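Take a look at the chain shown here.

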Amino acid sequence: MNVYEIRGSFGLDNLVRAERPDPVPGPFQVRVRVKATSLNSRDLMMVEGRYNPRQKLPLVPNSDGAGVVDAVGPGVTRVKPGDRVMTLFAQGWQAGEPTKAITATTLGGPLDGALADTMLLHEDGVVPTPAYLTDEEAATLPCAAVTAWSALVTQGALKAGDTVLVQGTGGVSIFALQIARLFGAHVIATSSRDDKLERALKLGAQEGINYVTTPDWEKAARTLTGGVGVDHVVEVGGSGTFEKSLKALRVGGTVSVIGVLSGGAGSVSLVPILMQNLRVQGVFVGHRQSFEAMARAFTLNDLHPVVDRVFPFPEARAAFEHMKQGAHFGKIVIKVS
């Protein structure tokens, strides 16, 4: 099997191709021939050593993959050879609340991930691919789409008529926009570029705010809601945007913390959270039950992921460089086979 490994030490220069013996499925295991894998900010941070500097190496990165089952071990009942499947981010998380043990079962660190042409997974760690999606589209769902679904639906109780503010136009934010529109919610999108805002409006956002030309975007969001504030903020910026997100919320509103692109350390006053009854929730992607519910909803509504660009497997490093530049809209995908 062909893989990419972070070998020796962290950094894109140490992301190298390698060969490993083809795995043989044991009891309750399935072997998946990977067709495509997508990138998340977490994957880039993992390669660069910013996500977990203590991660043991070598490591195959990437949590998200889609492919075809080509062999199963004894006792497998969920899937059969020939079935198209997607990876489950936290392999041990089927439903309910996460645990410390569950957080240790995530693909792309600490477990080997999907930047490979073959994966060996437990049968509980794969989810059937909706028939209407291509493998490239399906590979974008396991992390970004499930995170957005968990934030707004599983944990966020999104309902028709709510106003959702999404930050930027990366994978989670675009999925959050699509999911919010699916539920009949009003969407305000922010971006540093007007051309990206135009694309967000075409996807269904009702308003766009350029946070470069309008640095007080939280005030603009409140103005757009008649001074009330938004119901939900999908927070991907981290410490650099968190306080503004709180100010954009209505009394009783929710902010879902799912990213730390501007940094994870910072200080914020707790007074507004207390006095305005705000809800702050961290979102650790999501469990299998959420993934399956989301897949059903996407299928019923023929919702297609937004794919920015597809790179061939030999150009995997270029895909990471493209993500590092931050110019993408939606998801970056690597076609494996």
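## Helix packing and local details

In this predicted model, helix H1 (residues 41-48) and helix H11 (residues 316-325) cross at roughly 110 degrees, and their axes come within 10 Å. Angles of 65 to 115 degrees count as roughly perpendicular. H1 and H11 are therefore roughly perpendicular to each other. Which residues make the contact between H1 and H11? On the H1 side they are Ser41, Asp43, Leu44, Val47 and Glu48. On the H11 side they are Phe320, Met323 and Lys324.

Two packed helices are described by the angle between their axes and the distance between the axes. The table gives both values for each pair.

| Helix pair | Angle between axes | Distance between axes |
|---|---|---|
| H4 (residues 141-154) and H5 (residues 171-182) | about 50 degrees | 8 Å |
| H4 and H10 (residues 288-301) | about 90 degrees | 9 Å |

Start with H4 and H5. Their axes meet at an angle of about 50 degrees. That makes H4 oblique to H5. The crossing of this pair is right-handed. From H4, the contact residues are Leu141, Ala144, Ala145, Thr147, Ala148, Trp149, Leu152 and Val153. From H5, they are Gly171, Val172, Phe175, Ala176, Ile179 and Ala180.

Now take H4 and H10. Here the packing angle is about 90 degrees. That makes H4 roughly perpendicular to H10. H4 brings Leu141, Pro142, Ala145, Val146, Trp149, Ser150 and Thr154 to this contact. H10 brings Ser290, Phe291, Ala293, Met294, Ala297 and Phe298. Look at Trp149 of H4. It meets H5, and it also takes part in the contact with H10.

Next come the charged pairs. How many salt bridges does a search of the whole structure find? The count is 20.

The peptide bond from Gly109 to Pro110 is cis, and its omega is near 5 degrees. Another cis peptide bond joins Leu57 and Pro58, with omega about 5 degrees. Pro58 is in the loop between H1 and strand S4 (64-72).

Asn62 lies in the loop between H1 and S4 too. What is its phi? Asn62 has a positive phi of about 85 degrees, although it is not a glycine.

Val271, Leu274 and Met275 make a nonpolar surface patch of about 360 Å². Val271 belongs to helix H9 (residues 271-275).

Methods: Residues numbered from 1 in each chain as written. Predicted model: local features only at pLDDT ≥ 70, side-chain atom pairs only at ≥ 80, totals over all residues. Heavy atoms only, no water. Patch = residues over 30% accessible without salt bridge, like charges linked within 9 Å, V, L, I, M, F, W, Y side chains within 5 Å. Areas by Shrake-Rupley, 256 points an atom, 1.4 Å probe, with all protein chains shown as cover. Salt bridge = Lys/Arg side-chain N within 4 Å of Asp/Glu carboxyl O. Helix = DSSP H or I, 4+ residues; strand = E, 2+ residues; numbered from the N terminus. Axes fitted to C-alpha atoms, helices over the stretch in contact; angles between N-to-C directions. Parallel < 35°, antiparallel > 145°, perpendicular 65-115°, else oblique. Left-handed = near helix turned anticlockwise from the far one by under 90°. Contact = heavy atoms within 4.5 Å.
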